[in-house]
Amino acid sequence: MPELDSSVINFVAEFTALKRSQIKLDTTLFGDLGVDGADGWELMQAFGERFQIDMSSFHEDRHFGPEGVSIVAPFVWLRWLVSFPFRPKQTPEERAGLHPIRISDLIAAARERKWTI
């Protein structure tokens, strides 16, 4: 594995306090690692600084949900419980209406020194 790939994986492992062996190239920040809300933004800010990446085109609301629980959350959960048996299989990002960020996306951004997702 190239040095840059290894550095990005190590960075994510340190930030999330996970073992490096738990992180693969297709691992997603939100769906697989549970990084969301302010934690997601902090990770991406630190990632941009550490790897000197132009993050000006990064929009956290496309990749991470809001911090905290909405006042309508009980109704959303009720709707989800009722419709669950009839729903097609979806990723956590699809269910939340978010675009996934994979470790491979972070590596690509580190190579380009620019966020392009």
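**Figure 1. R50 and its salt bridge with E14 in a predicted model.** R50 counts as partly exposed at 47% relative accessibility; partly exposed lies between buried, under 20% relative accessible area, and exposed, over 50% (1.4 Å probe, protein chains only). The side chains of E14 and R50 form a salt bridge with an N to O distance of 3.7 Å; the term stands for a side-chain nitrogen of Lys or Arg within 4 Å of a carboxyl oxygen of Asp or Glu. E14 belongs to helix α1 and R50 to helix α2 (residues 37–50), 36 residues apart. Helices are DSSP runs of H or I, at least four residues, numbered from the N terminus.

**Figure 2. The salt bridge between D5 and R111.** The closest N and O atoms of D5 and R111 are 2.7 Å apart. D5 is buried, at 8% relative accessibility. Two salt bridges are found in the whole structure.

**Figure 3. The protein chain as a whole.** The chain holds five helices and zero strands. Of its 117 residues, 32% are buried. Among contacts (heavy atoms within 4.5 Å) between residues at least 6 apart in sequence, 70% join residues at least 24 apart.

**Notes.** Residues are numbered from 1 along each chain as its sequence is written, and side-chain values use heavy atoms, without hydrogens and water. In this predicted model, local features need pLDDT of at least 70 and side-chain atom pairs count only at pLDDT 80 or more, while totals for chains, interfaces and linings use all residues.

Definitions and conventions:
Helix = DSSP H or I, 4+ residues; strand = E, 2+ residues; numbered from the N terminus.
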